[in-house]
Amino acid sequence: MGEKPRVLFVCIHNAGRSQMAAGYASALSGGAIEVRSGGSEPGNEINPVAIAAMAEDGIDISQGVPQLMTTEAVRDSDVVITMGCGDVCPIFPGKRYEDWELTDPSGLPIDQVRPIRDEIKTRVHALLAELLPA
C-alpha cells in the first residue's frame with residue numbers, strides 16, 4: 001500500500017451500500033484514505049432512503065453520483081470491498097479483496113435501512129483500524 005491507502009467500495013447499483021460505506025470511510029478517516037465507489041450496473045441516483053439514513057448519523061451522501069466500477073479503479077485500489085457483486089469484480093494479484101454480505105437497501109423503508117447502515121459503519125470502523133496506524 002502506498003502512503004495513503006486507496007479503498008474501493010463496490011455494489012451493484014452504486015446507489016446504497018457502497019455510497020454509505022464510502023461516506024463513512026471518508027468521514028471517519030478524516031481524509032487519511034482515498035475513497036472510491038462504483039457499481040457493476042450503476043443506478044440513476046443515490047437511494048433517497050440511504051441518504052436520509054446517513055443524514056441521521058451526520059453524514060451527507062446526497063451529492064454522490066452512481067458510477068461504473070472500472071477495471072482501472074480496481075487496479076489502482078489497495079483494498080476492494082464488494083457488496084453483492086463480487087463475481088463481476090476483476091481480480092488483480094496483490095490486492096486485498098473482501099466481500100461484505102449486506103442486504104440491498106433498495107426499496108426498503110428507513111427502519112430496515114438503519115440496521116444496514118449501522119453494520120456498514122461497524123465494518124468501516126474495523127477496516128480503518130486495520131489500515132491506519134494508531
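In what order do the four strands form the open sheet? The order is E2-E1-E3-E4, and the pairing is parallel. Strands (E, at least two residues) and helices (H or I, at least four residues) are DSSP runs, numbered from the N terminus; two strands pair if DSSP finds at least two bridges between them.

This is a predicted model, in which local features need pLDDT of at least 70, side-chain atom pairs count only at pLDDT 80 or more, and totals for chains, interfaces and linings use all residues. Residues are numbered from 1 along each chain as its sequence is written, and side-chain values use heavy atoms, with hydrogens and water left out.

Select the edge strands next: E2 (34–39) and E4 (96–99), each of which pairs on one side only.

Now select strand E1 (residues 6–11), which runs parallel to E2 and is joined to it by six bridges. Within this pair, Arg-6 has Glu-34 of E2 as its bridge partner. In general, strands of a sheet pair through backbone hydrogen bonds.

Move on to helix H1 (residues 17–29), which has 13 residues.

Finally, select Gly-30, which follows H1 and has a positive phi, near 60 degrees.

Key: The expected span of a helix is 1.5 Å times one less than its number of residues.
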